[in-house]
Amino acid sequence: MKMKAGRILLLLLCLNVVTFGVIAVPQTCPASDLESGCSDSEEWKGEFFPGIPKIKYEGPSSKNPLSFKWYNAEEEILGKKMKDWLRFSVAFWHTFRGTGGDPFGAPTKNWPWEDGTNSVAMAKRRMRANFEFINKLGVDRWCFHDRDIAPDGETLEESNKNLDEVVALAKELQGSKIRPLWGTAQVFLHPRYMHGGATSPEVGVYAYAAAQVKKAIEVTHYLGGENYVFWGGREGYQSLLNTDMGRELDHLARFLEAAVAYKKKIGFNGTLLIEPKPQEPTKHQYDWDAATSANFLRKYGLIGEFKLNIECNHATLSGHSCHHELETARLNGLLGNIDANTGDPQTGWDTDQFLTDIAEATLVMLTVVKNGGIAPGGFNFDAKLRRESTDVEDLFIAHISGMDTLARGLRNVVKLIEDGSLDELVRKRYESFDTEIGAHIEAGKGDFEYLEKKAIKWGEPRVPSAKQELAEMLFQSVL
């Protein structure tokens, strides 16, 4: 009886194996399959995102989460196609290197293509996943840090070799349509950069940072990148007691001057961008906000060589709105790119969430339209999934939501322009300057003696209402 039961159990087990062998055919190489060709990304043949179709525009009435409701790439708005106003980009580091880990918890993301290593083979596999994602999402641009796309080596030469190998694959996968919106060097993660790169008190670190940035500019140029970003996460101080701030700022300027010279030497025509951020990880960063960065560029004669990459979450960390930072950059002729994200008002750090606030997106697009667009810059989604979002499709849903939000913001700006009421309110508020004396003042001819005579002649001025509540009502009416 026991023998018969054993045979029945063995038969059931065999059927189970056959059943799973038929049904559970993996469409992607499983993370544990390191003995097969799947461990070498050059041999990868499966899909990374099986079951995810190419994302299409279906309109506002669609209930399909894997479709665009507001972003219609080819639709013309205000004389440009939507895709040319928005110029969307995928951030490699958040999308393919984000783990969901935080200071209080272990990583939560376990993507099926990851094998648990940081090898060159794994880097190539991620790169293939990146381009499948980009193609299915329907965007033409991506952004990267050098050490996110290729592993650090034991020496600078080995690191460069690793980067060259991965970049060669990226070049092949890009084809003629896709290119980097921008590239940058990760000059903040390695312990050598704990005091900064360009502002380190150690000259050897300064030289190493220069070599790393040199290589990153080269590969950005090789890949056809349109911009190159400097984010100074460690370029600042923790305490002024042990810091020569003047000397560090001078060193930073010399570093940026050298970058400008090298860019020109190799024929890279992309825009150099500085990304302001007030703090985190450093207590005080030298590129605190747009105004501080603009002043730095003017002081050191770099104002014509750089523009700014404004990140919305960095704006709020500096005590400003994203709209304020964008307008400050625009009015200084420095608006070069936008890192599209947002923070949580109840959280005091850089949470890098996808921008889904329609009102904020409308304000952002108001500046972009006033600027006539932001090309050769664009909108880079420097945003990551929440720690608790762990499905592969969440990567698509998050980007779709961010793209739709900004597209809806652009559509709202059209409504504001067509209605004209808000513009008229602003015009009327300043109409006293649309006079002969106003023109006199704005032309720089309103000296104090002249203005004193006018003040005596006119007496106490009448001060009209600012109509802020009406302005807010008009703005809200288009949302």
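**A tour of salt bridges and one buried alanine**

Begin by selecting R427 and E424, whose side chains meet in a salt bridge with a distance of 2.9 Å from N to O. As you look at this pair, keep in mind that the model is predicted. Both residues belong to helix α14, which covers residues 421-429, and they stand three residues apart, or about one turn of the helix. With a relative accessible area of 40%, R427 is partly exposed, and E424 is likewise partly exposed, its value being 36%. Side chains of opposite charge can pair when their charged atoms come close. If you then widen the view to the whole structure, a search of it finds 22 salt bridges, and the next stops visit others from that set.

Next, select K136 and E132, which form a salt bridge whose closest N and O atoms are 3.5 Å apart. Helix α4, residues 120-137, holds both of them, four residues apart, about one turn of the helix. K136 has a relative accessible area of 11% and is therefore buried, since the cut-off for that class is under 20%. E132, at 15% relative accessibility, counts as buried too.

K277 lies in the loop between β10 (271-274) and β11 (284-285), while D350 lies in the loop between β13 (335-339) and α12 (358-370), so the pair ties together parts that are 73 residues apart in sequence. How accessible is K277, buried or exposed? At 3% relative accessibility, K277 counts as buried, and D350, at 11%, is also counted as buried.

Which residues is A209 in contact with, leaving aside its neighbours within four places in sequence? Show V187, Y193, G197 and F255 beside A209, for these are the residues in contact with A209 once those sequence neighbours are set aside. To finish, draw a line from the C-alpha of A209 to the C-alpha of V187: the two residues are 22 residues apart in sequence, and 6.6 Å apart in space.

Note on methods:
Residues are numbered from 1 along each chain as its sequence is written. This is a predicted model: local features need pLDDT of at least 70, side-chain atom pairs count only at pLDDT 80 or more; totals for chains, interfaces and linings use all residues. Side-chain values use heavy atoms; hydrogens and water are left out. Contact means heavy atoms within 4.5 Å. A salt bridge is a side-chain nitrogen of Lys or Arg within 4 Å of a carboxyl oxygen of Asp or Glu. Helices (H or I, at least four residues) and strands (E, at least two) are DSSP runs, numbered from the N terminus. Buried means under 20% relative accessible area, exposed over 50%, partly exposed in between (1.4 Å probe, protein chains only).
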